Amino acid sequence: MSISRDRAAADRHRLASRSISRVLPSGGVDKRYDLVIVGGGSAGLVSALVAAGAGARVALIERDRTGGDCLWTGCVPSKSLIGAATLAQRMRSADRVGLVPVVPDIDFERVMDHVDAARADSPG
Ligand SMILES: Cc1cc2nc3c(=O)[nH]c(=O)nc-3n(C[C@H](O)[C@H](O)[C@H](O)COP(=O)(O)OP(=O)(O)OC[C@H]3O[C@@H](n4cnc5c(N)ncnc54)[C@H](O)[C@@H]3O)c2cc1C
């Protein structure tokens, strides 16, 4: 695993921990809750945050990675890739606005670093 992939994994862990710490009590788990949510995707996270914000005791149960499809495979990564592809296409077609077009070198490892950074910045 490369250094950038290690950093991305650490960012993902930090993101998941940050999300969980917003809704789980610190210092041990009290088993009495007003609301138990199964699934820490967009729906579960928003529900947990809203309920916790309203004063409810909330347990959020996630079997894999907090953030669900939107953070890991859907909205965030797809829009990051579309953003990079759009920029590359604009560079190729820059002559439309009177600029000298260039064909960008595509470093896919760095494109994926951009995707990982977008995930880390997401409120998830
Ligand atoms: C390519 C792509 C692009 C997308 N782009 C957009 C977009 O731009 N805008 C937009 O609004 N939506 C977009 N979506 C849709 C968006 O990703 C989904 O609507 C959203 O993720 C649904 O959230 P959810 O919480 O309902 O489910 P999920 O994100 O699927 O989360 C469910 C969570 O529950 C967990 N889970 C499941 N069963 C259990 C269990 N038994 N115990 C514990 N945990 C469990 C899973 O591990 C998962 O983390 C896109 C989807 C894709 C695939």
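Begin by selecting Val103, which lies in the loop between helix 4 and helix 5; helices here are DSSP runs of H or I with at least four residues, strands are runs of E with at least two, and both are numbered from the N terminus. The model you have open is a predicted one, in which local features need pLDDT of at least 70, side-chain atom pairs count only at pLDDT 80 or more, and totals for chains, interfaces and linings use all residues. Residue numbers start from 1 along each chain as its sequence is written.

Is Val103 buried or exposed? Val103 is exposed, because 8 other C-beta atoms lie within 10 Å, and the cut-offs are 12 or fewer for exposed, 20 or more for buried and anything in between for partly exposed, with C-beta atoms placed from the backbone.

Next, go to Arg119, which belongs to helix 5 (residues 108–121). Arg119 counts as partly exposed because it has 18 C-beta neighbours inside 10 Å. If you also select Trp72, you will find a residue 47 places away along the chain whose C-alpha atom is separated from that of Arg119 by 7.4 Å.

Now turn to the ligand, which is surrounded by 19 residues, the closest being Gly39, Gly41, Ala43, Gly68 and Gly74; a residue is included if its C-beta atom, placed from the backbone, lies within 6 Å of the ligand. Helix 2, helix 3 (68–72) and helix 4 (75–92) are the elements that give two or more residues to this shell. At least three residues of the shell come from each of domain 1 (2–66) and domain 2 (69–121), with bounds taken from an automatic or database domain assignment.

From there, select Ile37, Leu45, Ala48, Val58 and Leu60, the five residues of the largest nonpolar core, where a core is a set of buried Ala, Val, Leu, Ile, Met, Phe, Trp, Tyr and Cys residues joined through C-beta atoms within 7 Å. Two or more of the core residues are given by each of helix 2 (42–53) and strand 2 (58–61). Beyond its neighbours within four places in sequence, Ile37 is in contact (C-beta atoms, placed from the backbone, within 7 Å) with residues including Gly44, Ser47 and Ile61.

Finally, display the whole protein chain, which has five helices and two strands in the order α-β-α-β-α-α-α.

Key:
Two residues are in contact if their C-beta atoms, placed from the backbone, lie within 7 Å.
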